[in-house]
Amino acid sequence: MMRTFPKILVGGFLYFGCIACVGAAPIYDYGCLASSGPDLCEQDTARGLGPVFERSDSGGTNQLTAVRPFFVREFDTRRGSESLDVLWPVGHFSWWHNQTDWRFLSAVYHDPDSADPASAYRFWLLPLIAVGRSNGGEDYGALFPLGGRIDNWFGRDRVEFVLFPLYWHSELNDLRTDYYLWPFISRTTGDDVYRFRVFPFYARSEKKGVEEHRSILWPFWSTVRYDRPGSRGSGFMLFPFYGHSKTECGETWMFLPPFFRHSTGKKGTENIYLWPIIQTQKSKEQEKLYVWPLYGRRTTERENRRFWLWPFIWNRTETRKDRDVNSVRVFPVYHAERIRLKKGDEPVVDRYVSVWPLGSYERKNDDYKRFRFPDLWPFRNTAPIERNLTPWWTFYKYERTTVGRENDILWGLIHWGAETNGASYGSVFPLASWGRGDREGQQKDWDFLKGMLGYRRDESGTSWRLLYFINWRNRP
């Protein structure tokens, strides 16, 4: 039932979606009420009732069907993926090759191979029920907090519990951990690892040949011993007064930890004064200076990151093999990104600017440009937001591609554009519409009140329409 549930839901919504498509003629324009035709990305599109209904098809490689806010379905044959949003964010379903994932309210399902009925899967009804099958073919289940077993949960290979928090057992690789009255009493064993804790009174953690940590009345007294060749040493901390460690790699002093610290060694020097306000670090890998929250800078070989008035103003520059990526954010009102090639005639290949909530501008190479007003989501192209919410608040949109350019106000109520071959068109629904053919043709037409008075000229002559039904033609 859990494997077929999304298919039943998809079938139901697609049935009603198809009903909405029945009336779509090949090309028509009734403003924001209904329209269809190819768009600037050379997709066959149909829209109706403003942002409510939308259908687009780019020759079978990418299809989108939406009846907002009820559902949005997107299909991409190039990636072999399909997604369905139902009353988003209530439900989301996705398929990628044979993998199935879905979420509906607090129910979560994952099946890596839905074509194999014996494959592993998991179903969670948070926070109460978890059932599934492991990669080894073992079925499991749990009813929280009474007891049971769950695999691949919270970064653990296996979790078992009885009357949580009375008893809890987890496994990760070779590590086995038993908790009693979680998280107070625990014991972990592994090939080279042993840990024991009666929190906060006593704790010991040992990794043979690497390090050993102990604490008594944590965090007041703790010690550490390092055994790895090249970094042998030891340290202690008497919280909140003083701490010290010394290894073959370097030495650290702490005063009133964590507020004051000085470290020096083979990896460089690090200082903290009145944490987290002033932090400095200088090593071969990076340089760091924080005067938090006023200013901060972290520089590595490939990245330079700065902030002012954390977390509001950020500047980040990343150097990649063939390009530099720069982004500036004044959260939430301004966001700009730029990708610049290190070589080439067109160095800037990607640019994005958002002045929230007024609008955003995007350019990819010289093939696509877009401006829209307003843009209420302060982050760039978040897929579920683009599919479900952005069409509702985009009152004006300008797009330019290799085919032409177009302006759209209120979902087609007013729109005008031009194609690269010289053709142009426009409409102020229902008052007037006009069009002109390409540079070589003689076609020209205009229309008033959708046919009360109309004119058309082409190679065969001119024609007129009056009061929707009276037509006559003049031949050249």
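Predicted model: local features only at pLDDT ≥ 70, side-chain atom pairs only at ≥ 80, totals over all residues.
Me: Salt bridges to start. How many are there in the whole structure?
Reply: A search of the whole structure finds 32.

Me: What does Arg387 pair with?
Reply: Glu74. The closest N and O atoms are 3.8 Å apart.

Me: Is Arg387 buried or exposed?
Reply: Buried, at 11% relative accessible area. Glu74 has 24% relative accessibility, so it counts as partly exposed.

Me: And what about Glu138, which residue does it meet?
Reply: Arg149, in a salt bridge of 3.6 Å, N to O. Glu138 is in the loop between β12 (129-133) and β13 (139-143), and Arg149 is in strand β14 (residues 147-153). Glu138 is partly exposed at 40% relative accessibility. Arg149 is at 12%, which counts as buried because the cut-off is under 20%.

Me: Which residue bridges to Glu212?
Reply: Arg204, with the closest N and O atoms 2.9 Å apart. Both Glu212 and Arg204 are buried. Salt bridges with shared partners join Arg204, Glu206, Glu212, Arg214, Arg225 and Asp227 into one network.

Me: Switching to rings. How many aromatic pairs does the search find?
Reply: It finds 33 in the whole structure. Take Tyr167 and Tyr180: their ring centres are 5.5 Å apart and their planes are at 50°, so the pair is tilted. Tyr167 is in strand β16 (residues 167-172) and Tyr180 is in strand β17 (residues 175-180).

Me: How accessible is Tyr180?
Reply: Its relative accessibility is 41%, so Tyr180 is partly exposed. Tyr167 is at 25%, also partly exposed.

Me: And Tyr290 with Phe307, what kind of pair is that?
Reply: Edge-to-face, because the planes are at 75°. The centres are 5.2 Å apart. Tyr290 lies in strand β29 (residues 286-291) and Phe307 in strand β31 (residues 303-308). Both residues are buried.

Me: Which residues form the aromatic cluster?
Reply: Trp124, Phe144, Trp153, Phe154, Phe161, Phe164, Trp168 and Trp182.

Me: Last one, the surface. Which residues form the negative patch?
Reply: Glu419, Asp438, Glu440 and Glu459.

Me: Where is Glu440 found?
Reply: In the loop between β42 (432-436) and β43 (444-448). Its relative accessibility is 79%, so Glu440 counts as exposed.

Notes:
Residues numbered from 1 in each chain as written. Heavy atoms only, no water. Patch = residues over 30% accessible without salt bridge, like charges linked within 9 Å, V, L, I, M, F, W, Y side chains within 5 Å. Areas by Shrake-Rupley, 256 points an atom, 1.4 Å probe, with all protein chains shown as cover. Salt bridge = Lys/Arg side-chain N within 4 Å of Asp/Glu carboxyl O. Lys, Arg positive; Asp, Glu negative; His and termini not counted. Charge placed at Lys NZ, Arg CZ, Asp CG, Glu CD. Helix = DSSP H or I, 4+ residues; strand = E, 2+ residues; numbered from the N terminus. Buried < 20%, exposed > 50% of the residue type's maximum accessible area, 1.4 Å probe, protein only. Phe/Tyr/Trp six-rings, centres within 6.5 Å; stacked < 30°, edge-to-face > 60°.
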